[in-house]
Amino acid sequence: MYDFLLADTARVLPILVVAAVGIAVILLDAFRNDSPSIPWLAGAGLVAAFVLEGFKLYDPQVAFFGQVYSGGAAAFANMVVLLGALGSVVLSVPYLKRIGHNYGEVHALILFATVGMMTLASAGSLITLFVGLETMSVCLYVLTGLVREEKGANESALKYFLLGAFSTGFFLYGIALLYGATGTMLFSEMVEGLAVTERTGIFVGGVALLLIGFLFKVSAVPFHMWTPDVYQGAPTTLTGFMSTASKAAAFAALVVVLARALPVDLVAGEVQITLSVVAAVTMVVGNVIALAQTNVKRMLAYSSIAHAGYILAGLAAGTGEGYGGALFYLLAYTVMNVGAFGVLAALEWDKEQGAIQDIESLAGSGYRQPILGVTMGVFLFALTGFPPLAGFIGKYLVFAAAVDAGLTWLAVVGVLASVVSAYYYLRILVVMWMKPETDAPEAARQPFALATSTTVVLSLCALLLLILGVMPGGVIEAAQSYFDAGAIVAGR
Amino acid sequence: MLETFLFFVFAVLSVVGALGMLISRSPVAAALWMVQVMLAIACLYLTLNAAFIGVVQVLVYAGAIMVLFLFVIMLLNLEDMPSVGGIDWRKVVAGVLGVAVLAQLLALVVVRFGAIPDAPSAEEAVAATDVPYLGVALLTEHAFTLQIVGVLLLAATIGAVVLAKKRFV
């Protein structure tokens with residue numbers, strides 16, 4: 001009865017590696033408090049898991065009786081998550097040292113959050129989905145409130161926790177209704193289960209509640225209220241982590257639910273209408289409110305809401321191209337946003353996690369720190385969606401999928417919204433390069449040495465964006481192969 | 001017949017308990033109302049032949065968790081809740097919306113779907129919540145999820161220490 005355990009454990013090995021390294025970090029921290037080797041250990045674990053996932057990119061399998069998907073799309077999403085986590089760990093070390101919170105526990109919590117995200121992205125049943133989601137969320141609540149001397153950090157952590165718990169309630173009710181309607185927790189058996197019981201009404205209700213839970217986690221309008229406050233109060237590099245990796249994981253899980261658990265006519269019907277309206281509203285609201293922000297972190301928070309809208313446009317298409325495009329977008333978005341928050345972290349001086357720093361304080365910083373200036377330029381152009389950077393390809397893929405699915409209006413709204421976004425993204429660059437340094441307050445003009453690790457990560461992120469923008473071929477093909485009609489059936 | 005009767009008895013008890021918890025102005029009384037909710041729900045499980053889940057519900061929720069709640073409330077030494085002020089219209093709107101959503105959900109369950117789904121037969125229910133069966137399922141089908149739940153609990157413990165320990169280093 002237990003023969004399968006060995007083979008199935010091998011299939012989820014990357015997740016277990018990250019979990020084991022997380023425990024090792026905690027043990028190391030217990031014996032040598034805040035030892036400098038902790039980030040190295042954490043980074044090594046993430047790299048090992050990344051390599052292990054890489055081997056499984058073209059080898060989709062199921063493990064534990066369908067409870068977990070391994071390889072294929074799950075491997076792709078997990079690699080995106082691991083990339084985001086790795087970037088955040090490396091960028092966090094000098095930043096947390098500066099703000100005096102470089103605890104070993106932080107790295108353990110990042111690793112445990114990564115375990116949750118990978119579980120979420122590999123989920124094959126509602127139970128696995130929920131456990132992954134909660135593991136991720138609990139770690140993120142704590143990381144948000146890390147700087148607990150600050151009122152702002154406490155406020156944002158409490159807000160995140162209360163609203164997150166509330167949305168979890170919706171999610172759980174959705175799961176209960178779906179189980180009641182189909183009699184199964186497994187995505188792969190849901191359509192058949194529904195055909196037997198014919199409880200369509202309850203099923204649709206369950207899908208609606210589940211979608212609310214997902215849309216909260218990816219901060220789509222009208223479930224976005226928590227995002228700006230939480231992003232503003234959290235330590236900057238960890239904001240980068242939660243805005244990229246957790247979004248990538250939640251979106252990857254949503255894609256799997258849409259592609260594998262829901263009947264085709266529902267996805268092409270009510271779900272498509274819902275998602276396209278939410279996507280349009282999210283793109284417009286996110287970009288328009290971002291225009292009015294003076295705090296750069298808050299601006300990037302609204303920008304991340306807008307990006308959730310673009311990705312939802314790909315999901316609304318409901319086709320293999322749309323899902324693949326969304327996966328590619330998540331990769332590009334993770335790289336550019338980890339980078340952008342990394343630059344902000346390096347330029348932070350207000351000792352309140354950038355919560356009170358306005359955009360003027362960046363004046364002239366491009367000349368003082370050319371590396372930060374140039375890489376920030378790359379990230380912002382990529383976020384706007386300029387060719388030849390990866391952000392452009394991502395936008396092209398999701399909007400093209402929407403047009404192919406007959407949602408031309410959605411693509412038009414998306415393109416117009418990105419034009420609006422160019423104003424506030426490029427304004428940051430204007431301030432960094434074209435405003436005289438004297439516009440910035442005295443405290444912002446203190447010279448500082450950039451950590452080598454920060455330089456390396458930011459340069460690599462910029463380089464990766466350029467490479468993905470110029471030669472995206474293989475990655476796009478891989479991402480889109482996971483959810484074409486044949487693969488979905490085979491993946492079951 | 002008896003089952004239906006018992007269902008309504010315990011259902012009313014749990015709803016009354018939930019309302020009492022929301023309305024009562026003393027945190028301790030609210031916690032005790034909550035115990036009633038937990039016990040009534042445990043009895044509902046028992047009427048569905050899910051003996052193990054019913055017992056665990058009493059042990060874990062009514063026993064351990066609510067006792068912890070009470071300890072925390074007493075350690076915090078809370079005053080009674082402040083008295084109610086004027087009518088807050090935002091709360092009224094929120095309440096109406098909440099009731100509307102609840103009505104929609106109930107309509108889904110009852111009107112559109114026809115009736116409440118048939119309960120599984122007694123033998124089925126006993127087989128599905130039988131302890132050996134649950135144990136085997138946890139260590140085969142859900143073996144991976146069980147590990148991740150372990151990670152979740154560990155992370156929650158560490159998080160509590162990080163957030164709450166005096167002078168954390």
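How many aromatic pairs does the count come to over all chains? The total is 19 aromatic pairs, a pair being two rings of Phe, Tyr or Trp (its six-membered ring) whose centres lie within 6.5 Å, with planes under 30 degrees apart classed as stacked, over 60 as edge-to-face and the rest as tilted. One of them joins A:W226 and A:Y231 in an edge-to-face arrangement, at 6.3 Å centre to centre and with 85 degrees between the planes. A:W226 counts as buried because its relative accessibility is 3%, and A:Y231 likewise counts as buried, at 1%; buried denotes under 20% relative accessible area, exposed over 50%, and partly exposed the range in between (1.4 Å probe, protein chains only).

The model is predicted: local features need pLDDT of at least 70, side-chain atom pairs count only at pLDDT 80 or more, and totals for chains, interfaces and linings use all residues. Residues are numbered from 1 along each chain as its sequence is written, chains are lettered from A and ligands numbered from 1 in the order in which they are written, and side-chain values use heavy atoms, with hydrogens and water left out.

Helices (H or I, at least four residues) are DSSP runs, numbered from the N terminus. A:Y367 is exposed, at 59% relative accessible area, whereas A:W433 is partly exposed, at 25%.

A:W226 and A:Y231 also belong to one aromatic cluster together with A:Y141, A:Y160, A:F161 and A:F216. Elsewhere, the charged end of A:R260 sits over the ring of A:Y69, 4.5 Å from its centre; the criterion requires NZ of Lys or CZ of Arg within 6 Å of the ring centre and within 35 degrees of the ring normal.

The contact between the chains (heavy atoms within 4.5 Å) takes 39 residues from chain A and 32 residues from chain B. About 3000 Å² is buried between chain A and chain B, with carbon and sulfur atoms giving 81%; buried area is the accessible area (1.4 Å probe) that two parts lose on being put together, summed over both. Zero salt bridges are found across this interface, a salt bridge being a side-chain nitrogen of Lys or Arg within 4 Å of a carboxyl oxygen of Asp or Glu. On the side of chain A that touches chain B, α1 (4-11), α2 (13-31), α5 (104-122), α6 (126-144) and α9 (200-217) each give two or more residues. The largest share, eight residues, comes from α6(A).
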